[in-house]
Amino acid sequence: MKRIYLDNAATSFPKAPNVGHAIYAYLTNIGSNINRGAYQEAMEAEETVFDTRELLAELFSCSNSENIVFTKNITESLNLLIKGLFKPGDHVLTTSMEHNAVLRPLNHLKAKYSGSLDISILPCNQYGELPRAEALETLLTSYLTPHSKAVIMTHASNVCGTILPVDEVSSFCHRHGLFFIIDTAQTAGTHNYDFGKLDADAIAFTGHKGLLGPQGIGGVVLSTKLSSILEPLVTGGTGSSSEADFQPVHMPDRFEAGTLNLPGIYGLNSSLNYLKKLNIRTIMDKELSLTKYFLELIADINGVELIGSASTTYRTAVVSLNFIGMDNASLSYKLATAFGITNRCGLHCAPLAHKTLGTFPQGTVRFSFSHFNTQDEVEYTVKSIKQCLLEENKH
């Protein structure tokens, strides 16, 4: 049975060509740590880490690659930002489309501070959208308080693919002296966006989704202003300033205690070079073309409810469906086991988003495309959905 991989919102597959080879080459030929040795292999590893920071700086339009900090994933990046920035009495704004990687750290901190962290949830509509232009300005202003410190929000929903207006929110934050933090889990590497124009204070990213790298490597791009006041999440050895009793203050060592995931960085380096060569615009156009085709083919199928927008404007290649009158989990399982279609069913670690979209608690069946998919695979998937529905209706 063929395998059609449509779970790229969870993790990309296949990875960029040569990612596995790059990891293998490090483990078999280099194997050394960085910042802790002056021999050739250690220096080669340091060069690769430096080059990876430079590639990320280019991708995110960051003028100083030292402000790029490696973590093990975007969840750790968001924990670093939330737990290192907010103090008792602060006020933070976020949206109703956030992943638990944002909501749980915020709620954890609020409980830790006995409720003295004020969290405002900006309401999105039934398509997962925030208003734009003057309506957005009015909405944001209505939530401002003298203690407002930051807006932290996803760039795009992992449930329905809706892209939120981060450029307009960024402009608002700069006018009102707020920090602006973006979760790019669903857009980094797949969305051709000028992050430099946003001038965000923090851009959290992960390597294993749109960046086409391995699991276990992620990071955050920090502004100089934020990095100077942000408290480290982890402290310890860095291989630098070893004589000091406290964590170094210089970047990126301030936030990179312990041994980095060097195999992951080697894999990410390979995938970033692939993205640079292929061009993200090419990837985005291919993914949205497949998404549009899928949306067209499922539009007239009875019993299938599209969750989110039917347009490919302001959206990624993530599509959620609800199968009316049926058990979504059963249909998802049948697509995987009988037809080889890898999909994801459930709440996708974003229960508040599902409440916003009207799909809580049953969740949705999610299909997420990559540029490695084909039109034939889209047609096969839709044909398989129809077959499942036909068999279900017979019962």
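Visitor: Let's start with helix 1 and helix 9: is their crossing left-handed or right-handed?

Guide: The crossing of helix 1 and helix 9 is right-handed. Do keep in mind that this is a predicted model.

Visitor: Noted! At what angle do the axes of helix 1 and helix 9 cross?

Guide: They cross at roughly 140 degrees, and the axes come within 8 Å. Helix 1 and helix 9 are therefore oblique to each other.

Visitor: Which residues meet there, in helix 1 and helix 9?

Guide: From helix 1 you have V19, A22, I23, Y26, L27 and I30, and they meet L262, P263, Y266, G267, S270 and S271 of helix 9. Sorted by class, that contact of helix 1 with helix 9 has nine nonpolar residues, three polar and no charged.

Visitor: Now some rings. How many aromatic pairs does the structure hold?

Guide: There are six aromatic pairs. One of them is Y26 with Y266: the ring centres are 4.7 Å apart and the planes stand at 40 degrees, so this pair is tilted.

Visitor: And where in the chain do Y26 and Y266 sit?

Guide: Y26 is in helix 1 (residues 19-30) and Y266 is in helix 9 (residues 262-278). The pair links distant parts of the chain, 240 residues apart.

Visitor: Switching to strands: what is the order in the open sheet of four?

Guide: The order is 9-10-13-12, and the pairing is antiparallel. Strand 9 (304-307) and strand 12 (344-346) are at the edges with a single partner strand each, so one side of each has no neighbour in the sheet. From one strand to the next, the twist averages 30 degrees.

Visitor: How many bridges join strand 10 and strand 13?

Guide: Four bridges, between strand 10 (residues 318-323) and strand 13 (residues 364-368).

Visitor: Last one: how do helix 11 and helix 13 cross?

Guide: The axes of helix 11 (residues 328-339) and helix 13 (residues 375-394) come within 10 Å and cross at roughly 120 degrees, which makes helix 11 oblique to helix 13. Residues in the contact include L331 and F339 of helix 11, and Y380 and I385 of helix 13. By class, the contact of helix 11 with helix 13 has seven nonpolar, two polar and two charged residues.

Key: Residues are numbered from 1 along each chain as its sequence is written. This is a predicted model: local features need pLDDT of at least 70, side-chain atom pairs count only at pLDDT 80 or more; totals for chains, interfaces and linings use all residues. Side-chain values use heavy atoms; hydrogens and water are left out. Axes are lines fitted to C-alpha atoms, for helices over the stretch in contact, and angles run from 0 to 180 degrees between N-to-C directions. Helices (H or I, at least four residues) and strands (E, at least two) are DSSP runs, numbered from the N terminus. Angles under 35 degrees count as roughly parallel, over 145 as roughly antiparallel, 65 to 115 as roughly perpendicular and the rest as oblique. Contact means heavy atoms within 4.5 Å. Ala, Val, Leu, Ile, Met, Phe, Trp, Tyr, Cys and Pro count as nonpolar, Asp, Glu, Lys and Arg as charged, and the others, Gly among them, as polar. Two strands pair if DSSP finds at least two bridges between them. Rings of Phe, Tyr and Trp (its six-membered ring) pair if their centres lie within 6.5 Å; planes under 30 degrees apart count as stacked, over 60 as edge-to-face and the rest as tilted. A crossing is left-handed if the near helix is turned anticlockwise from the far one by less than a right angle, and right-handed if clockwise.
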